[in-house]
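Thanks for coming, everyone. Please look at the screen while I talk you through one protein chain.

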Amino acid sequence: VLRKLHVEKSICHGDFYGHNILISPDAQSVKLSDFGAAFFYDADSEYGKLLQVVELRAYTVLVEELYSLVAINLTDDEKGRWTKLIQTTKDSALSFDTLLPCFI
């Protein structure tokens, strides 16, 4: 979803957190909600790159929250993959030259 918003549409959601992700009871449908803070931006500008970093940080928080919910049921290998994903997104969020590598 973030890839489509940022790369294809140049839209910043502005509030990308778990409480804005809706999952149907049968888990067959997942939707991003609450576009009240969303806006268009110039993805090629310096400001646009900063916005992408902010969204990436929000994505990192979401991944950390999800990991905390499922960690108890994961194998060591799965925990390692989650840890790597979390570290990669944190590292990317610290680099203003990064264009959301996790979403592209």
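Where does serine 10 lie? Serine 10 sits in the loop between H1 and E1. Its phi is near 55°, a positive value in a residue other than glycine. Alanine 27 also has a positive phi, of about 60°, although it is not a glycine. You find alanine 27 in the loop between E2 and E3.

Some ground rules. This is a predicted model, where local features need pLDDT of at least 70, side-chain atom pairs count only at pLDDT 80 or more, and totals for chains, interfaces and linings use all residues. Residues are numbered from 1 along each chain as its sequence is written, and side-chain values use heavy atoms, with hydrogens and water left out.

Now the overall layout. The protein chain has 3 helices and 4 strands. Helices (H or I, at least four residues) and strands (E, at least two) are DSSP runs, numbered from the N terminus. Along the sequence, the pattern reads α-β-β-β-β-α-α. The protein chain has 104 residues, and 33% of them count as buried. Buried means under 20% relative accessible area, exposed means over 50%, and partly exposed is in between (1.4 Å probe, protein chains only).

Next, two histidines. Histidine 6 is in helix H1, residues 2-8. It counts as buried because its relative accessibility is 2%. Its side chain makes a polar contact of 3.3 Å with the side chain of glutamate 55. A polar contact is a pair of N or O atoms within 3.5 Å; within protein, one must be able to donate a hydrogen and the other to accept it, and residues adjacent in sequence count only if both atoms are side-chain atoms.

Histidine 13 is in the loop between strand E1 (11-12) and E2. Buried or exposed? Histidine 13 is buried, at 0% relative accessible area. Its side chain reaches the backbone oxygen of serine 33 at 2.9 Å. It also reaches the backbone oxygen of aspartate 34, at 3.1 Å.

On to helix H2. H2 has 25 residues. From first C-alpha to last, H2 reaches 36 Å, close to the 36 Å expected at 1.5 Å a residue. The expected span is 1.5 Å times one less than the number of residues. Buried residues in H2 include Gly48, Leu51, Glu55 and Leu62.

Now the rings. How many aromatic pairs does a search of the whole structure find? It finds 1. The rings of tyrosine 67 and tryptophan 82 have centres 5.7 Å apart and planes at 40°, so the pair is tilted. Rings of Phe, Tyr and Trp (its six-membered ring) pair if their centres lie within 6.5 Å; planes under 30 degrees apart count as stacked, over 60 as edge-to-face and the rest as tilted. Tyrosine 67 is in H2 (residues 46-70) and tryptophan 82 in H3 (residues 76-93), so the pair ties together parts 15 residues apart in sequence. Tryptophan 82 counts as partly exposed, at 23% relative accessibility.

Last, the lining of the largest pocket. On a 1 Å grid over the protein atoms alone, a pocket is an open set of points where a 1.4 Å probe fits, with protein on both sides within 12 Å along at least five of seven lines; lining residues have an atom within 4 Å of a point. H2 gives the most to this lining, with 4 residues. Strand E2 (21-23), strand E3 (30-32) and H2 each supply at least two.
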